[in-house]
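Let's take a friendly walk through a protein model together. Have a look at the sequence and the fold, and then read on.

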Amino acid sequence: MTVRPLVILPDTRLRLISEPVGAVTDEIRKLAADMLETMYDAPGVGLAAIQIGVPRRVVTIDTSKDENAREPRVFLDPEIVWSSEEKRVYDEGCLSIPEYYAEVERPDRVRVRYRDLTGATQEIDADGLLSTCIQHEIDHLNGVLFIDHLSKLKRDRVNKKFAKAAKRGEAA
Ligand code: NI
C-alpha cells in the first residue's frame, strides 16, 4: 500500500465526473488499498479516488476514528437509492480543502447501493456520520465539493483563499 499525494483546491481535476469502475481488477484493488492508506495517513474519515487524481467511482470510508479498531469500508460505483426527508447539519471538512470547515445540511439518512471488492452488489442504510460522509464522497464522484453547498459569498471566499495560496506555491 502506498500513500499517494492529495489533489488540493483549486486543482480542476476535482471537477471531473469519475468513470464507473467496471470489472474489479487488481488495479482497482490496489487503488482501494492505496486510498485507505492515504486516508489513514492524512488522517481523514473518507476519500474519493479523484482526490488522489484517479477519476474512477471508488470511495473509502472509516468513521470509527479509532486507530485500534479500524472499520475500513470500500464502495465501488456507489449510488444513493433513497434519502430521508429529515435533514442533518454537520460541520464538514475535506482533505482537498485543508483546514476549512463549514456546516452543511444534507438528508439525515440514506440508502446506498454499491459493489464490494468481490464485485457483489450490496446495499447499506447509513445514518449519522456515515450518512454525511458517504453523501460527501459521492458528491466528489460527480465533481461536486462540499463548499458548493454553501452560500456564494462563503464559497467565493474559500476559492479566493486557495487560489492565492496555490499562486504562492503553498497550502492555504
Ligand atoms: Ni472531500
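The lining of the second largest pocket has 4 nonpolar, 2 polar and 5 charged residues. Here Ala, Val, Leu, Ile, Met, Phe, Trp, Tyr, Cys and Pro count as nonpolar, Asp, Glu, Lys and Arg as charged, and the others, Gly among them, as polar. The residues that line this second largest pocket include M39, Y40, D62, K65 and R70.

A word on the source: this is a predicted model, where local features need pLDDT of at least 70 and side-chain atom pairs count only at pLDDT 80 or more, while totals for chains, interfaces and linings use all residues. Residues are numbered from 1 along each chain as its sequence is written, and side-chain values use heavy atoms, with hydrogens and water left out.

The largest pocket is lined by 22 residues, and G44, V45, G93, C94 and Y101 lie nearest its centre. Strands β4 and β5 and helix α2 are the elements that give two or more residues to this lining.

| Pocket | Volume | Lining by class |
|---|---|---|
| Largest pocket | about 460 Å³ | 11 nonpolar, 6 polar and 5 charged residues |
| Second largest pocket | about 220 Å³ | 4 nonpolar, 2 polar and 5 charged residues |

A pocket is found on a 1 Å grid over the protein atoms alone, as an open set of points where a 1.4 Å probe fits, with protein on both sides within 12 Å along at least five of seven lines; lining residues have an atom within 4 Å of a point. Grid points are joined across faces, edges and corners, and the volume is the space filled by probe spheres set on the points.

Which residues hold the nickel ion? The nickel ion is coordinated by C94 (SG), H136 (NE2) and H140 (NE2), at 2.1 to 2.3 Å. Their spacing along the chain is C-x41-H-x3-H. C94 in strand β4 (residues 87–94) and H136 in helix α2 (residues 128–141) are 42 residues apart, and the pair links distant parts of the chain. Donors are N, O and S atoms within 2.8 Å of the metal (3.2 Å for Na, K and Ca); water is not among the atoms, so sites may look incomplete.

Are these two residues buried or exposed? C94 counts as buried because its relative accessibility is 9%, and H136 is buried too, at 6%. Buried means under 20% relative accessible area, exposed over 50%, and partly exposed in between (1.4 Å probe, protein chains only). Leaving aside neighbours within four places in sequence, H136 is in contact (heavy atoms within 4.5 Å) with E92, G93, C94, R106 and F146.

Now for the backbone. Most residues other than glycine have a negative phi, and most peptide bonds are trans. The bond from L9 to P10 is cis, with omega near 10°, and another cis bond joins A42 and P43, with omega about -10°. K65 has a positive phi of about 55° and counts as exposed at 64% relative accessibility. E99, in strand β5, has a positive phi near 60°.

Finally, the whole chain has 3 helices and 7 strands, in the order α-β-β-β-β-β-β-β-α-α. Helices (H or I, at least four residues) and strands (E, at least two) are DSSP runs, numbered from the N terminus. Of the 172 residues, 42% count as buried.
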